[in-house]
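Subject: Structure handover

Hello,

Here is the structure I said I would pass on. Please open it first, then read the notes below.

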Amino acid sequence: MNSGIPGSVQPSGGLPRRTLLTVATAATAALAVSSCTVLPPRRRDPVADPAPGQPIARSSRSLLLQFLAHPDDDLYFMNPDTRRLLDAGTPVVSVYVTAGEADGVNHAPGRPRPQGDRSAYVSARQQGLRQAYATLLGLPRFTRWERTVTALRGGKQAERNTLAHGGRRVELVFLNVSVNSARRRSALPALWADRGLRQRTTLADNSPLTELSSYDYDELVDALTGLLDHYRPTVVQTLDPDPDIQHSPESVRRKDSEQRGYSDHPDHTAVACFSWAAQIRWVAECAERGRPLPHFVTTAFRGYYNRHWPKNLPESVLQEKAAPLVAYGGDPGWECGNPAGCGDYNVGGGRPLTNWKGWVRSTNYRYPGPQLVSDGEGFAYGVVGLRLVRWPAAAGGWGPPEDLGGGPLAPTLGQAVTKGGGQLLFAVRFAALDGHGGANEREVVQYDGRAWTSLGNPERRRDRGRRIGVPVAATAGDGSVHLFVRNAAKGVSTRLRDASGRWGPWRDLDGPDGDGTGDGDGIQDGLSAAVDGQGLVHLFAAARKSVRHWAQPSPGAPLALRARSAMPAPGDVPRALPYADGSLGVLYRAPHSPDLVAVRPDGSPLPGLALKGYGPVTAGAGPVLLGRSERGDVQLRDRGGKLRRYRGACVGAPALVRTAPAGAAVVAGLGADATPWLWRP
């Protein structure tokens with residue numbers, strides 16, 4: 001998190017329909033903070049080859065590496081996920097790309113405003129992080145850390161802080177790239193976009209790192225790639241590379257600390273782009289050098305998006321999330337041993353909970369949904385190393401992974417089964433993320449078990465095309481496959497595959513929906529599609545004040561928006577529940593509550609269904625309910641109402657692999673070692 005945001009220029013231009021293997025062409029000269037579009041490149045990266053059949057490295061341990069723009073981004077936007085993995089014994093490495101020095105004023109509300117001192121403010125914020133992570137390790141907040149200088153690729157250096165306790169370990173790596181630019185632009189977006197720019201670093205007071213440095217675009221991507229190769233993480237967490245379009249009034253935008261035209265800080269977007277570029281470069285380098293592909297999964301988190309949607313964390317989880325932020329914020333009266341300051345004082349005390357922006361009150365994934373799907377025939381699929389991977393069922397779990405290529409892919413898959421029993425998988429592909437001089441494009445792709453096919457993008461402009469959501473699909477009774485994605489206007493776009501396998505064009509579902517102006521109702525990503533007993537497709541999506549419901553009125557007809565929903569306001573994304581009699585239910589969390597809302601599409605309640613916790617709830621025959629408890633454990637409620645809990649780590653959401661009418665269930669998920677697990681309660 002940071003403040004003091006310059007505006008940005010929105011890009012223009014058309015998005016051509018592409019095949020999957022099309023090489024990215026040079027971008028237009030239009031530049032944008034959020035599009036990361038730039039002038040012709042000086043360097044050509046290794047090709048991110050989507051062809052399948054590459055060997056995949058195996059890992060005997062887990063490690064989380066998270067890329068942040070500013071000190072506190074992890075605490076505001078990635079917790080409680082980071083904390084859950086740390087509590088499960090996963091080592092955590094946090095890489096802070098910028099110094100976050102702003103104007104150097106570390107102002108404690110209610111006290112006189114001090115003079116700006118950028119080096120002191122950087123030091124105080126880093127001290128705040130040491131305080132926060134010490135408390136997360138169960139230690140006193142002023143516990144002494146080991147502070148050293150570590151070498152990075154390209155002859156660069158960074159400060160590294162290390163603390164271990166009780167078998168758990170945290171490392172904080174500070175690159176200290178300045179957020180201030182002489183060009184009156186936010187420095188990190190300019191570093192991504194400008195061909196000739198070199199951005200200096202800022203030294204922190206009392207740091208073991210005493211030499212200033214600077215980075216250009218390639219040097220920063222190389223430094224991040226080198227950190228990936230050094231630590232070889234099994235889980236990577238990033239910020240949002242493609243935030244929502246948000247045209248707020250100028251006074252509101254500045255008060256919200258957002259970039260012009262988009263619902264996030266420009267540094268968040270730029271660092272997320274750098275982070276994804278580094279992952280793509282790492283995978284490509286391994287392939288080019290004949291090494292096995294790295295074995296990791298990626299999760300991206302929304303940032304200031306949290307301000308615009310209902311809050312999804314119940315009070316118990318919220319208090320747990322806010323506690324390390326209070327330690328990070330610190331207080332001028334604390335005696336922490338750092339003369340430059342004991343935290344980021346504007347965040348101290350109870351201010352994370354009283355801040356009207358509400359960032360801390362939600363945690364949202366950029367690509368919501370389970371990170372593992374099953375075909376019900378003995379195979380599981382997921383995205384590992386940014387590529388599609390298939391695991392065969394084996395005694396007690398899953399066999400070794402098989403690389404199916406297709407990358408670089410976003411982490412969440414859509415799935416449909418054709419009438420003939422064929423498996424279709426869908427994903428969002430980073431068709432281009434070339435930094436300075438290259439295009440920045442996304443496309444929807446399909447894998448049918450034999451080959452990859454590009455399904456293009458419902459948006460015609462590149463910048464708008466980056467905003468699409470996770471593909472969701474359902475097969476109607478007539479054999480047609482309906483594919484849905486959230487679009488840039490916060491509405492829904494769909495594409496239809498007929499029973500012969502031919503795809504029709506993209507079209508938008510009827511509204512009302514968001515119009516991208518910031519004042520429309522719109523929907524969140526995390527769509528849920530289901531088929532009723534008559535073979536008709538239904539689609540559910542969370543709006544701000546209700547759950548939207550589209551449905552086919554008759555076989556073969558396009559989906560139409562039902563009259564304004566009587567379903568209560570959602571706090572999180574909905575999930576459809578098919579019943580044996582052919583009817584449907586809808587499940588979701590109430591806003592800022594652990595309670596489950598269980599209703600029919602007409603809003604009438606479904607009695608007897610309860611599963612306290614947070615995050616989405618999946619349902620299967622019985623009904624069987626699957627979700628997370630307030631402590632973050634994967635929990636399952638069987639047909640008889642008995643709760644069972646899985647104590648192992650789970651990255652993202654778990655998935656129901658199989659359920660039976662009697663209520664028996666098999667649950668699968670991805671562990672912190674990027675390897676799938678099976679749980680038979």
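Glutamine 524 is buried, with a relative accessible area of 4%; buried means under 20%, exposed over 50% and partly exposed in between, with a 1.4 Å probe and protein chains only. This is a predicted model, in which local features need pLDDT of at least 70 and side-chain atom pairs count only at pLDDT 80 or more, while totals for chains, interfaces and linings use all residues. Residues are numbered from 1 along each chain as its sequence is written, and side-chain values use heavy atoms, leaving out hydrogens and water.

Glutamine 524 sits in the loop between strands β24 (507-508) and β25 (528-531). Strands (E, at least two residues) are DSSP runs, numbered from the N terminus. Leaving aside residues up to four places away in sequence, glutamine 524 touches Tyr305, Trp309, Pro310, Asn364, Arg486 and Ala542, where contact means heavy atoms within 4.5 Å. With tyrosine 305 there is a polar contact between the two side chains, at 3.0 Å. A polar contact is a pair of N or O atoms within 3.5 Å; within protein, one must be able to donate a hydrogen and the other to accept it, and residues adjacent in sequence count only if both atoms are side-chain atoms.

There is also a sheet to look at. An open sheet of 3 strands runs in the order β29-β30-β31, with antiparallel pairing. β29 (575-578) and β31 (596-599) are at the edges with a single partner strand each, so one side of each has no neighbour in the sheet. Two strands pair if DSSP finds at least two bridges between them; β30 (residues 584-589) and β31 have 4. Valine 586 has valine 599 in β31 as its bridge partner.

Regards
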